[in-house]
Amino acid sequence: MIELLHGKNPKNEAILLNSIRHTKGFRLEEQPKAQSGKNPAFYHVMKGANKKAVNRLYLNCKRENVALLANELIKEMKDIDSYYFKFNSDNQMQTKCRPEKFVFYVSEDPKELNSIVTAIKNVQSRSPELFKGSEAVSPFLNVLDGNIMFANEVKDGFYNMLSGKRLPIAPSYNSLLSAALDDSYLQTISDIVAKDYSLSMKTGGERYTDSTAYTLLALEEVMQDPVKKEQLIKGMGEKLKDCMKRNPTLQIKGIDGKNNNSRMGMQDTGR
């Protein structure tokens, strides 16, 4: 790939994208912004054959380093026959902050996983400055290796609620996680409110099916009471265990004894 210089990310991004478009064996696709559809939110970089993804790897960095890091990763992965990742466009980062700048889509082949993780770690060893801010990824994602987070690929567009209903969601892990957090929060805080007379009066004595009312009317008082705050935290933790049983794809860091530093079956690289 081309050599980029430290500077403004938009300029580096334009140079990198032009290079990918004109490099044999690569495909580049733009993911439009959901609202306007005019400017891409992500750039999808694909090399080689398409493989069915079963896991996602998440990587973060500062906005100024996104194109630089993407270029270094592509150079490091030159000997990998096929891979697929997307990175956040500079245009999107101007208007919306995301907890990750890169998402790698990885098949069930452990060799592929090993190769990609090794490439990331090699780039980090060579250019640690490009990974500043990489620790700022979702606190709910499990850690694969250092600052690399992982999650399972979502198979369908439904979340199985604690109530037994199926909720349609976007087929993404972030949507699945968001639905579980909201569900566990709603069920826990509604129980707390129902058992407290003053809180019950604030909510009109009703049991809502949407968490917004509890947030507006009761959350502040719950958080100011050490006992109720602890009940909310512990209650959500217990209900999230149930959420994971109902939705096996869901893997939440620190819940139900999950291994926060799992290597997902990676071969030993001696690191």
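1. Buried means under 20% relative accessible area, exposed means over 50%, and partly exposed lies in between, computed with a 1.4 Å probe on protein chains only. At 0% relative accessibility, Cys243 therefore counts as buried. Cys61 is also buried, because its relative accessibility is 3%. A search of the whole structure for disulfides, that is, pairs of cysteine sulfur atoms within 2.5 Å, finds zero.

2. A word on the source. This is a predicted model, in which local features need pLDDT of at least 70 and side-chain atom pairs count only at pLDDT 80 or more, while totals for chains, interfaces and linings use all residues. Residues are numbered from 1 along each chain as its sequence is written, and side-chain values use heavy atoms, with hydrogens and water left out.

3. The protein chain has nine helices and nine strands. Both are DSSP runs numbered from the N terminus: helices are H or I with at least four residues, and strands are E with at least two. Of the 271 residues in the protein chain, 48% count as buried. A contact means heavy atoms within 4.5 Å. Among contacts in the protein chain between residues at least 6 apart in sequence, 64% join residues at least 24 apart.

4. Which strands flank S4? Two strands pair if DSSP finds at least two bridges between them. Strand S2 (residues 40-47) runs antiparallel to S4 and is joined to it by six bridges. Strand S5 (residues 102-106) is also antiparallel to S4, with three bridges between them. Phe85 takes part on both sides: it is the bridge partner of Val45, and it stands opposite Phe104 in S5. Strand S4 (residues 83-88) is largely enclosed by the rest of the structure, because five of its six residues are buried.

5. Helix H2 (residues 66-76) contains Ala70. The helix is mostly covered, with 10 of its 11 residues buried; among them are Val66, Leu69, Asn71, Glu72 and Lys75. Ala70 counts as buried because its relative accessibility is 0%. Leaving aside neighbours within four places in sequence, Ala70 is in contact with Leu16, Phe85, Phe87 and Phe102. Ala70 and Val45 are 25 residues apart in sequence, and their C-alpha atoms are 9.5 Å apart in space.

6. Leu217 is found in helix H7 (residues 211-217). Is this residue buried or partly exposed? Leu217 counts as partly exposed, because its relative accessibility is 37%. Not counting residues up to four places away in sequence, Leu217 touches Lys202 and Thr203. The C-alpha atoms of Leu217 and Ser200 are separated by 9.7 Å, and the two residues are 17 apart along the chain.

7. Strands S6 (residues 142-145) and S7 (residues 148-152) run antiparallel and are joined by three bridges. Asn142 stands opposite Phe150 in S7. The hairpin of S6 and S7 has two residues between the strands, and Gly146 takes a positive phi near 65 degrees there.

8. On a 1 Å grid over the protein atoms alone, a cavity is a set of points where a 1.4 Å probe fits but cannot get out, and a pocket is an open set with protein on both sides within 12 Å along at least five of seven lines; lining residues have an atom within 4 Å of a point. Grid points are joined across faces, edges and corners, and a volume is the space filled by probe spheres set on the points.

9. How many cavities of 30 Å³ or more does the structure hold? There is one. The largest cavity has a volume of about 100 Å³. Its lining has 16 residues, of which Ala49, Lys51, Tyr83, Tyr84 and Tyr105 lie nearest the centre. S2, S4 and S5 are the elements that give two or more residues to this lining. By class, the lining of the largest cavity has seven nonpolar, four polar and five charged residues. Here Ala, Val, Leu, Ile, Met, Phe, Trp, Tyr, Cys and Pro count as nonpolar, Asp, Glu, Lys and Arg as charged, and the others, Gly among them, as polar.

10. The second largest pocket holds about 170 Å³ of space. Its lining residues include Lys52, Ala53, Asn152, Glu153 and Pro248. By class, the lining of this pocket has four nonpolar, two polar and three charged residues.
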